Amino acid sequence: MPSPDSAVRAADLVVKFGGRAVLDGLSLEARTGALTAVLGPNGAGKTTLVRCCTDLIRPASGTVQVLGLPAGSRQLTGRIGLMPQSAGSWSGIKAVELLNYLAGLYANPLPVPVLIERLGLSDCAKTPYRRLSGGQQQAVNLAGALVGRPELVFLDEPTAGMDPHARRATWLLLRELRASGVTMMLTTHAMDEAEALADHVFIVDRGRVTISGTVRQLTKSGGTLETVFLSHTTARAAS
Amino acid sequence: MTALDLSPAPAPAPAAKRIVRHGLTEARLLSRNGEQLLLALVIPLAILAAGRFANVSMSLDLLAPSVLALAVWSSAFTSIAITTAFERRYGVLERLATTPLGKSGLLAGKALAVIMIMLGQLVILTGAALGLGWRPRFTALSALVAIVTVILATATFVCLALLLAGRLRAESVLGVANLVYVILVVGGGLIIPVSRYPAALRPVIEALPTAALGEGLRAAARGLVLVWPVLVLLAWLVAAGLAAWKGFRWTS
């Protein structure tokens, strides 16, 4: 199936929880083959956006197209990888068990032993998930999102909890994925991550996009991405 | 280091393979969990042993099918409610819903895991009860009705468990599921025959799905066929199924 130009196209999304608008007319497009970063403070609606794209939340209004199809379409089965913000794993399962299980859901999975080696998980492959360090858990989560060889991967704060070595190794892997033709949409608080990786950045605040562009476009007036972020978002309590 | 070909090549495994894979994984994880084993086997075996060797005013004729009903209740309700609530909290449901397993495959795989765990329980507990001297008098018809009753009860309890797990925080589910488990074990006609409760309470208790399961199995094991438990369970299944369908939330 030929890929559309936009891997993700969200238009005027509105999602309300308990009467409060979490997404308030959010619109964005993520280009096929690119790495798109969605930046925003806690509670800005980043995770809710990802959940709309994966059909876990149905918006009150607005539309989401994923790989040219409405979110949740049967034809999307297996084409999307997700690295959720929370663990995404049973606490008692061993890392290698989880990855073998996930690989078994696909017809052409990545070879699990090679994936484990590539992500530096060889020494802890037989450790129960709950006993892994935060960075190791994130690496397992990332492996779980990639094992099915998806076309599009959603990465919800992929390097949270990783040490600088692990972060750099993950960035390298994400660049390899992009070079291999995988489209990625990642949410993050980390400005350096967006600067290092993103082809296009959307800054989201209070459920809508406040500014977007390439890092170069956003910082052309001389500021850093962080100053752009601070001037286009509002401080609020974590949610 | 071996090179990794990261180029996209998405394709789902066959649906049956996905469901079996999930069922086996979940059953293995459940069987490793000490608390689940306590609920699934240790408590029912202890009740059986107490009924045989302690001075309990209930014969094995009544106690053995009651304990089988208890096993169904613990696996299909308490165990499923608690594990699903934590799967929701930890993002397991969120991840799996986006894999080729999908939401419907996840439910089918979960059902398969419950069936495997329950079959194991029923075989072990039935074997233990027979060893202790239980001599059931099932007829072909009463055995068939007992199987239907167990299937309906399992489906009902799983729907109730999913409703609970899909609405409350995981810690709340842990407390509420255990509390409901104990309350209905004692007061829900599951182990104690409805005829032993005060007359004024009996109509209320008979309307509970736990009593329907307990009474249905106790009667079937004595070769009798009761229709009302099947009807009660059908009504509960429709209500619980609709509520779970509308109320279940995949994320926390």
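Q: What makes A:Arg149 count as buried?

A: The model is predicted: local features need pLDDT of at least 70, side-chain atom pairs count only at pLDDT 80 or more, and totals for chains, interfaces and linings use all residues. Residues are numbered from 1 along each chain as its sequence is written, and chains are lettered from A and ligands numbered from 1 in the order in which they are written. A residue is buried if 20 or more other C-beta atoms, placed from the backbone, lie within 10 Å of its own, exposed if 12 or fewer do, and partly exposed in between. A:Arg149 has 23 C-beta neighbours inside 10 Å and therefore counts as buried. A:Arg149 sits in the loop between helix H4 (134-146) and strand E7 (152-156) of chain A, where helices (H or I, at least four residues) and strands (E, at least two) are DSSP runs numbered from the N terminus.

Q: Why is A:Glu157 called partly exposed?

A: There are 18 other C-beta atoms within 10 Å of A:Glu157, so this residue is partly exposed. A:Glu157 belongs to the loop between E7 and helix H5 (164-179) of chain A.

Q: What is the phi of A:Arg149, and what is that of A:Glu157?

A: Most residues other than glycine have a negative phi. A:Arg149, which is not a glycine, has a positive phi of about 55°. For A:Glu157, also a residue other than glycine, phi is positive and near 55°.

Q: Why are H3(B) and H7(B) called roughly antiparallel?

A: The axes of helix H3 (residues 60-89) and helix H7 (residues 170-187) of chain B cross at roughly 170° and come within 9 Å. Axes are lines fitted to C-alpha atoms, for helices over the stretch in contact, and angles run from 0 to 180 degrees between N-to-C directions. Angles under 35 degrees count as roughly parallel, over 145 as roughly antiparallel, 65 to 115 as roughly perpendicular and the rest as oblique. H3(B) and H7(B) are therefore roughly antiparallel to each other.

Q: Which residues make the contact of H3(B) with H7(B)?

A: Two residues are in contact if their C-beta atoms, placed from the backbone, lie within 7 Å. Those of H3(B) include B:Phe77, B:Ala81 and B:Arg89, and those of H7(B) include B:Leu174 and B:Tyr181. By class, this contact has twelve nonpolar, three polar and one charged residues. Ala, Val, Leu, Ile, Met, Phe, Trp, Tyr, Cys and Pro count as nonpolar, Asp, Glu, Lys and Arg as charged, and the others, Gly among them, as polar.

Q: Which residues have the most contacts inside the largest nonpolar core?

A: A nonpolar core is a set of buried Ala, Val, Leu, Ile, Met, Phe, Trp, Tyr and Cys residues joined through C-beta atoms within 7 Å. The largest has 152 residues, and A:Leu99, B:Val67, B:Val72, B:Ala81 and B:Ala161 have the most contacts inside it. H3(B) gives the most to this core, with 18 residues.

Q: How many residues does each chain give to the contact between chains A and B?

A: Chain A provides 39 residues and chain B provides 30 residues. On the side of chain A that touches chain B, H3(A) has the largest share, four residues. The residues of that side divide into 18 nonpolar, 14 polar and seven charged.
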